[in-house]
Amino acid sequence: MPTRHASGYEILLSSGEYEARIVTVGAGLASLKYAGRDLVVAHDADEIPEGYLGKTLMPWPNRIAGGAYTWEGVTYTVDVNEAATGSALHGLMTWVDWTIIHADSDSATLGAFIAPRYGYPWPIEAWVTYALSACRGLTITLVAKNVGSTPAPYGVSSHPYLSLDGKKNDGYEVTIPASEIIQVDQNMAPIKTIPVGDLERDFRTPRLLGSQSVDHAFTGLPEGEWTVQLRDPETGLTVQLKADTPWVQAFTADSMGRTGIAVEPMTCPPNAFNSGEDLIVLAPGQSHTMTFTIIGSIES
C-alpha cells in the first residue's frame, strides 16, 4: 500500500526532461522540475505547505470579503479563514484529500465532490488532471460540473509559485501582459480597477522585479492565450505560465522568503461572489473547464 503523508498520497510523473510530484490534499502540485531545475517552489509530501503552494482553488479563487455574499436574494456566510483580512480565502477544497481517479507515468487525474453546505448549497463534482509532455511541459486541467438542480455561482484558479530554481525573485526578469490592476483596501478587498502604471506595476515590457512587492489581481490581458514569463538573466533559465483566463493574480511571496512568484490564472477577480464580475454561473448539469500550462526552458 502507498504511504499517506501530511499532504495525502504522492504521485510521481515524468516525461523527457520534466519531473513532477502531485499530492492528493488540495489536488496540489508539490514540485515541477525541468532539466533538474525547479520551476515551482516545492514542498515535501510530509509537510503542510506554506502559502497554499500548488493548491486547487474551488469553487472560488482569492477572497470573499467578510465571508459573506448574496446570491439570488439570499445571503450566505462561509468560514473566514484569513483573520488578518476577515476574508474567506481560496474556496473549499485546498485541504480536502482528493481521490486518485487515474495515474500513470506522465499523467494523473484526481476527483472530489464539493458537498453542499450552509454557505455553499450546491453539489459540484470536480476533477483536476496533470499531464506532462516532453514538448509541452505540464498541462493542468480543472473541471467542475453542477450536479444539482439550481444554478451555482462558481470560480476557479490554481496556486503555483513559479520559481527559477529557488533563486530570490529580486533577480527575476518579469513579464505580465496585463494593462489593468485592482487597487485594494487594507483588507485586500477590491476598490477599483486602474491602469497598471498607476500602481507602478507595469510588467508588459520585461523588467527586473528588484525589491518591489506585488500581491495584486491583473486584467486587461490579451485575447486568447497569454503568457506570464519569469527569466533569470544570469543563467537563461525561463519559466512560462500560459492561460486564457481574464484574470491573473501575482504574489511575490514576501512572507515566504521571496524564492518564487505565485502566478494564479483566475476566471474571476477577488470578491466576485459579491461583485458578480466575471462570475461563472453553472446551470444544472453544466460543466466548466479551465486549462493552463507551465513550461521551462534554458537558453543555450
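This is a predicted model: local features need pLDDT of at least 70, side-chain atom pairs count only at pLDDT 80 or more; totals for chains, interfaces and linings use all residues.
View 1. Asp-232 is located in the loop that runs between strand E22 (226-231) and strand E23 (237-243). The side chain of Asp-232 makes a polar contact of 3.0 Å with the side chain of Lys-167. When residues up to four places away in sequence are not counted, Asp-232 touches Leu-164, Lys-167 and Leu-237.

**View 2. The exposed residue Gly-73.** Gly-73 sits in the loop between strand E7 (68-71) and strand E8 (74-77). Its relative accessibility is 72%, so Gly-73 counts as exposed, a term that requires a value over 50%. Between the C-alpha atoms of Gly-73 and Gln-186, which are 113 residues apart along the chain, the separation is 28 Å.

**View 3. An open sheet of nine strands.** The strands of this antiparallel sheet follow one another in the order E10-E11-E12-E13-E27-E23-E22-E17-E20. At the edges stand strand E10 (99-103) and strand E20 (207-208), and because each has a single partner strand, one side of each is left without a neighbour in the sheet. Within the sheet, strand E13 (residues 137-146) pairs with strand E27 (residues 287-298) in the antiparallel sense, over eight bridges. Lys-145 is found opposite Ser-287 of E27.

**View 4. The largest nonpolar core and Ile-294.** This core comprises 75 residues, and those with the most contacts inside it are Leu-32 and Ile-294. Strand E12 (residues 124-133) supplies the largest share of the core, namely five residues. Apart from this core lies another one, of seven residues, which include Leu-53, Tyr-161, Phe-251 and Ala-253. Returning to Ile-294, and leaving aside its neighbours within four places in sequence, its contacts include Leu-29, Leu-32 and Val-40, as well as Arg-136, Gly-137, Leu-138 and Ile-140. Also among the residues in contact with Ile-294 are Pro-160, Leu-162, Val-239, Gln-240 and Leu-241.

**View 5. An open sheet of four strands.** Here the strands are arranged in the order E1-E2-E3-E4, and their pairing is antiparallel. The edge strands are strand E1 (10-15) and strand E4 (37-38), each of which pairs on one side only. E1 is paired with strand E2 (residues 18-23) in the antiparallel sense, over six bridges. The bridge partner of Leu-13 is Ala-20, which lies in E2.

Note on methods
Residues are numbered from 1 along each chain as its sequence is written. Side-chain values use heavy atoms; hydrogens and water are left out. Helices (H or I, at least four residues) and strands (E, at least two) are DSSP runs, numbered from the N terminus. A polar contact is a pair of N or O atoms within 3.5 Å; within protein, one must be able to donate a hydrogen and the other to accept it, and residues adjacent in sequence count only if both atoms are side-chain atoms. Contact means heavy atoms within 4.5 Å. Two strands pair if DSSP finds at least two bridges between them. Buried means under 20% relative accessible area, exposed over 50%, partly exposed in between (1.4 Å probe, protein chains only). A nonpolar core is a set of buried Ala, Val, Leu, Ile, Met, Phe, Trp, Tyr and Cys residues joined through side-chain atoms within 4.5 Å.
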